[in-house]
Amino acid sequence: MATSMQEAVVTNVIILASALFLAAGILRFSRVNPVWTGLLLPLAFLGAYWQVYSKIPPFSPVGAVNKVFYIVLVGAIIGLVLDLTRKPRLTRAVVLLHAGGSALYIGAPRFQDAPFAVLLAALCGILVQLVLSRGAGAPYSHVDRGLIVAIGALGFAPIALLGASSSSFQLCAAFAVATLGCLVWHLRNPKLLFDAAFLIGGSGGVLAVIYTVTLITKKTDLLALAVLGMILLAPAMCKHVVRRFAITNEIARHGILAALCLVPAGAGAVIVFLRYPSSFPS
Amino acid sequence: MTTMARTVLASLAVAATLYGGQTKAATYDIDIVHSHVAFFIDHLGFSKVIGTVNDFSGTFDFDAAEPEASSLNVALKVSSISTNNTQRDSDIQGADWFNATEFPEITFVGKEFKKTGDKTGTILGDLIIAGVTQPVTLDVVFNQEGQNPWDKSHVVGFSGRTSIKRSDFGMKTALGMIGDQVDLFLEVEGRGR
């Protein structure tokens, strides 16, 4: 049994990641529609939420933290329907709408004092989803998405922690590790669909957490967040590196993409630790 | 009218005046200069962090002869919470804690006032923190009522205390490190209008 808070966090992350790893493995080798693998990640997010807050928030949600839960839940349901109906253009429109809408929903209390900050957050969220929702044709792009979102969430975790939100730290860390655990099964011959359910409920959930820490807690280190945002350049850089060195092995390509994602994620973490105004932990 | 009838009527009039005066509760404004809200919360079992709420306001109706008819409304500004550490004070304004952006005030509305002793009583009311409403009972000691010799205002003073669980209000961050139970202490002076 965990004896400290840190041990409890690690234990929770391990339990969730193990459950996701097993579930993803079962789905991988069964004849189940790969759509359901995409649904695993929003479920991982909701599982992490339950671990962190020990509750299903009331409906209608009170405050941004509760809103996050329903943004993910509703997003996952809508995403599942879109994944099953396979309408790419509609999917992309809903993904972008969800990213912008959830920023406005969470940022609503800031409309009076900081409307531009809310709009900027919405635009940034749309931009993130715009990049992530590109290139969904090839099966490997779904693994790429998973890697980018997982490492992005991992990169935001320390920014959230030092932005006075240890709950968001736990959410992001658990989601990231669960996603990576799920991806392990699909590095070779992937059989997963990280499309609408994953984008709306998964990366949409991470965005909702970022909106909350940035717009409501107002303690996000914006420089660190901007550096982390450079993770969106990783796919293009990866493509360039792969071409330059004529790399054909998919696992190697994933390794390069992961390394390129880890650079801004790590740099963001270093920046936030260096700029944190007092000793840590206090 | 007979003398007896006159006497009875006069007595009734005097009694009605006196009775009316006793049951009419006066309205008081909380005197922020002489009122304090403090809370104690455990830190890893080693010590208790002491915090104060430095900006609040409120009114109450009170009549010592009929305390059950009292009323109480208090609003505390989350931004004024101090634990004597700038970093921590800033952190607890966030969404994981008091969520000052969305819920800038903590409010308490007294609903049921009971006298439990000569100078003691309880106030059951709704405490709203971070948008979550929970019933809370304050144990109250009636200290004194009278004229302030300095400015001749009519003043009544109370001490109060209660304990709440922060998790009941959705604040579950760092429960392993920072206590769930929060002990609240209040010293209140009200100035009659």
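**Close-up views of chain B**

**View 1. Strands β4 and β5 of chain B are joined by 6 bridges and run antiparallel.** In this predicted model, local features need pLDDT of at least 70 and side-chain atom pairs count only at pLDDT 80 or more, while totals for chains, interfaces and linings use all residues. Residues are numbered from 1 along each chain as its sequence is written, and chains are lettered from A in the order in which they are written. Strand β4(B) spans residues 56-62, and its Phe56(B) has Leu76(B) of β5(B) as bridge partner. Strands (E, at least two residues) and helices (H or I, at least four) are DSSP runs numbered from the N terminus; two strands pair if DSSP finds at least two bridges between them.

**View 2. Strand β5(B), residues 71-77, has side chains that alternate between two faces.** Leu72(B), Val74(B) and Leu76(B) point to one face and are buried (20 or more other C-beta atoms within 10 Å of the residue's own, with C-beta atoms placed from the backbone).

**View 3. Chain B touches chain A through 19 residues, which are in contact with 23 residues of chain A.** Contact requires C-beta atoms, placed from the backbone, within 7 Å. Helix α2(B), residues 86-91, gives the most to this side of chain B, with 4 residues.

Notes
Two residues are in contact if their C-beta atoms, placed from the backbone, lie within 7 Å. A residue is buried if 20 or more other C-beta atoms lie within 10 Å of its own, exposed if 12 or fewer, and partly exposed in between; C-beta atoms are placed from the backbone.
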